[in-house]
Amino acid sequence: MSAPIVRLDHIRVGEDAAILEDIDLEVHAGHFLGIVGPNGAGKSTLLSVITGLISPSAGHIDLFGRCLGRLNRRRLLRQVGYLSQMHAHEDHLPLRVACVVRMGLAGYDAPLWRRTRDTDQIAEALEAVGMLKHAQTDFRLLSGGQKQRVRVARALVRRPKLLLLDEPSAAMDAPGQEKLYQLLRGLCEERGMSVIMVDHDVAAISAYVDSVACLNKRIHYHAIKGERIPDTIWKHMYGEHVHMVRHDSHCIGCGPEGKRA
Amino acid sequence: MMDFLASPVMLAALLPAMLIAMISAAMSVMVVAHRLSFLTVGVSHATLAGLGLAVFFALPLLPTATMAAIAVALLLAAMPRRSGIGEDVGTGLLFAGAMALGVLLISSADKYDVDLFGMLFGNILTVSQDDIRWLWLTAAVVCIGMLFAARAWWMIAFDAATASAGGVPVRLYRGLLYTVVALTVIMCVKLAGIVLTTGLLVLPAACAWFWGRSPVVLWLLSSIFALAGTLAGLMISYHHDLPSGASVVITLCMIFALSWSVAWLKQRAL
């Protein structure tokens with residue numbers, strides 16, 4: 001069996017009050033992993049650790065079979081597409097959608113004398129998220145859901161081997177969410193791309209992912225496709241007052257007001 | 001117009017002024033994209049500390065001011081991360097501190113032959129051959145920095161976290177950006193002075209922001225606005241015997257007001 005695309009070995013973040021502790025995880029080529037957990041569980045931190053944005057206080061990270069170190073970080077991360085949860089400054093820049101997506105091309109940061117225009121790749125990424133007709137639109141004028149689709153296209157445009165998505169369906173309508181999950185499933189199957197996606201809605205993603213990791217500081221349970229996550233795990237992650245609701249064959253944790261956890 | 005071009009003083013000032021306009025226009029797009037307007041205020045005022053050091057210790061003026069500006073810019077790049085205080089607080093602190101140091105050093109010097117009014121408000125008409133050589137050297141360094149890092153700077157301006165996650169060394173490029181901004185500030189001080197330099201580093205891009213929708217167009221428009229504003233400003237300065245730096249900045253302000261009005265009317269018409 002080939003080396004995993006991502007291998008996390010006893011990862012710990014934080015010293016006294018750990019944000020993540022004892023995280024062991026392997027993701028192979030073509031695998032679609034969903035990560036669920038309550039707010040503050042360390043889901044985004046886990047993605048930041050994989051991309052080297054946060055250095056773990058203990059443990060070891062391998063990407064594409066190589067140790068993620070200072071010297072090879074740049075080369076390894078060129079094969080990674082990433083969608084962050086934070087979008088603080090982007091509305092300040094007057095850029096067309098195509099320009100925004102172009103910034104996601106691997107090697108876009110090369111000096112100006114190197115050609116990086118690849119209109120086919122940009123059109124392909126925009127087409128995949130259903131935003132090709134908006135390629136010349138001012139990014140600032142798009143709705144929240146449309147902006148999120150463009151961000152996904154920016155993560156896809158470099159044709160990464162590993163895609164890390166932090167709540168990609170945020171601000172998207174239900175059909176948009178479903179199309180996104182279908183697209184990601186297709187990329188895993190057709191291109192062998194590995195996807196790690198943080199999401200809150202386990203019911204929505206369970207039909208598409210290969211496995212779901214339940215995270216709250218540490219991975220409490222790693223369920224494979226079709227497997228029911230035990231009620232005790234949900235209660236352990238979200239608290240004793242969580243009511244359990246069945247949806248198809250899946251289990252969804254609900255808060256006292258009936259909100260999905 | 002012909003009077004203006006026939007004047008040997010104006011003709012000598014025109015080339016360095018246009019060079020400064022081109023470089024400041026290119027960098028102003030990055031200054032506005034990265035929201036570094038206040039940084040340019042801090043760095044330009046910090047040059048007074050450099051001037052103070054040059055006067056007090058009898059050092060060469062422009063190189064000392066350049067070193068002081070770069071040092072302050074790099075301190076500002078590192079300060080927020082290291083100290084946990086905001087960049088605006090750091091800028092205000094260094095701006096006031098450097099200004100005070102400059103004033104103390106200059107007033108303590110036995111004698112000095114620095115044109116302080118020219119340094120504060122700019123005077124491109126008194127540019128010397130040494131100044132021109134220094135301007136060309138600085139312009140070359142800024143151009144190389146831009147050719148090398150412009151795309152990475154755009155990525156960082158748009159989304160620094162994603163850029164970093166994609167392997168872009170954000171801290172390195174940010175340090176380079178602050179250094180190049182500091183060099184551009186030093187160039188602009190010759191034309192607009194310490195007090196008015198921010199105008200040259202903000203206004204051309206601010207005008208372009210209404211019309212450009214891609215990095216290349218923003219740079220082109222910013223350059224056109226900067227060249228037009230500088231030429232018109234110098235002509236106004238010549239014909240009405242006004243300070244050149246202030247004339248250029250006020251012309252750019254008028255172009256900004258015009259751009260804003262036209263964009264607002266266009267938006268209302270839609």
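1. Chain A puts 32 residues into its contact with chain B, and chain B puts in 29; contact here means heavy atoms within 4.5 Å. The model is predicted: local features need pLDDT of at least 70, side-chain atom pairs count only at pLDDT 80 or more, and totals for chains, interfaces and linings use all residues. Residues are numbered from 1 along each chain as its sequence is written, chains are lettered from A and ligands numbered from 1 in the order in which they are written, and side-chain values use heavy atoms, with hydrogens and water left out.

2. The two chains bury about 3,000 Å² between them, 61% of it on carbon and sulfur atoms. Buried area is the accessible area (1.4 Å probe) that two parts lose on being put together, summed over both. A:His92, A:Pro94 and A:Leu112 supply 21% of what chain A buries against chain B, more than any other three residues.

3. The rule finds two salt bridges across the interface of chain A and chain B. A salt bridge is a side-chain nitrogen of Lys or Arg within 4 Å of a carboxyl oxygen of Asp or Glu. A:Arg154 forms a salt bridge with B:Asp159, with the closest N and O atoms 3.2 Å apart.

4. Polar contacts across the interface of chain A and chain B come to 11 residue pairs, both residues at pLDDT 80 or more. The term covers a pair of N or O atoms within 3.5 Å; within protein, one must be able to donate a hydrogen and the other to accept it, and residues adjacent in sequence count only if both atoms are side-chain atoms.

5. Helix 2 (73-77) and helix 3 (97-102) of chain A each supply at least two residues of the side that touches chain B. Helix 2 of chain A gives the most, with three residues. Helices (H or I, at least four residues) and strands (E, at least two) are DSSP runs, numbered from the N terminus. That side of chain A divides into 16 nonpolar, five polar and 11 charged residues. Ala, Val, Leu, Ile, Met, Phe, Trp, Tyr, Cys and Pro count as nonpolar, Asp, Glu, Lys and Arg as charged, and the others, Gly among them, as polar.

6. In chain A, four strands form an open antiparallel sheet in the order 2-1-4-5. Two strands pair if DSSP finds at least two bridges between them. Strand 2 (20-27) and strand 5 (66-67) of chain A are the edge strands. Five bridges join strand 1 (residues 6-13) to strand 4 (residues 58-63) of chain A. A:Asp9 stands opposite A:His60 in strand 4 of chain A.

7. A:Asp62 and A:Arg7 form a salt bridge, the closest N and O atoms being 3.3 Å apart. A:Asp62 lies in strand 4 of chain A and A:Arg7 in strand 1 of chain A, so the pair ties together parts that are 55 residues apart in sequence.

8. Six strands of chain A form an open sheet in the order 6-7-8-3-9-10, with mixed pairing. Strand 6 (80-83) and strand 10 of chain A each have a single partner strand, so one side of each is left without a neighbour in the sheet. Four bridges join strand 6 to strand 7 (residues 162-166) of chain A, and these run parallel.

9. Strand 9 and strand 10 of chain A form a hairpin with one residue between them; A:Lys217 in the turn has a positive phi of about 75°. Six bridges join these antiparallel strands.
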